[in-house]
Amino acid sequence: MISSRRSAGEGEPDALAREILSIGFRCRQCGTCCRGEDHLVLVMPEEVRDLLARAGGTWQEAVEPYPEFLEGGNGTRYTLGWCIRRNSGACRYLSGDICTVHGSRPRICRTYPFMLVDNRLEVSPCPGLGALMTMEEAQALASALRERALAEEAEEEQVARVLSMCGMPAGHRCVVDTDGVRVLDG
Ligand code: SF4
């Protein structure tokens, strides 16, 4: 759930970092953001490959299709991405309160509880908000947020290309991602 929306001061190189600094954040390693049925961790194919390289396992063990499916005609239903698979309502990579893939965790985890939407900073609820942080830490977070926004923009463009160029087989469920069309059943 999003708690606030603020201007990121576009045009000023450090405005975003200053805004993050003024909010304050320090991860408490409580694992709260890694639990809950509504906490979907969206991942791009390249991030899934990073997770598999670090933790092993198969694609199907690591991720599940994003649960919102769209009608594609001819009995086809498709969704536009992947989420990390959950065990008993928690991310499968959470052990106790510890992330077991910390060094390879996806961008969405690296930047939580912040995200950029149309260059504006959005902040989700988190017990770590309001904590003191250094400008260096705020700058690192700002850079990670910009990198995530660029990656998401590129992903959106590539998925749109795939959708316009690749057909989906009739009567099947598919995932359309930056790699192409993956048929889930059949
Ligand atoms: S990958 Fe790590 S940080 Fe991200 S939701 Fe899973 S356990 Fe939490």
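**Strands, sheet and aromatic pairs**

Colleague: How many bridges join strand S13 (residues 173-177) to S14?
Modeller: The two run antiparallel, and strands pair if DSSP finds at least two bridges between them, a strand being a DSSP run of E with at least two residues and a helix one of H or I with at least four, numbered from the N terminus. Mind that this is a predicted model, with local features needing pLDDT of at least 70, side-chain atom pairs counting only at 80 or more, and totals for chains, interfaces and linings using all residues. Residues are numbered from 1 along each chain as its sequence is written, and side-chain values use heavy atoms, leaving out hydrogens and water. As for bridges joining S13 to S14, the count is four.

Colleague: Four strands form an open sheet, so which of them stand at the edges?
Modeller: The order is S4-S5-S13-S14, with mixed pairing. An edge strand has a single partner, so one side of it has no neighbour in the sheet. That leaves S4 (70-73) and S14 (180-183).

Colleague: Is Trp 82 buried or exposed?
Modeller: Trp 82 pairs edge-to-face with Trp 59. Its relative accessible area is 4%, where under 20% is buried, over 50% exposed and in between partly exposed (1.4 Å probe, protein chains only). So Trp 82 is buried.

Terms used:
Phe/Tyr/Trp six-rings, centres within 6.5 Å; stacked < 30°, edge-to-face > 60°.
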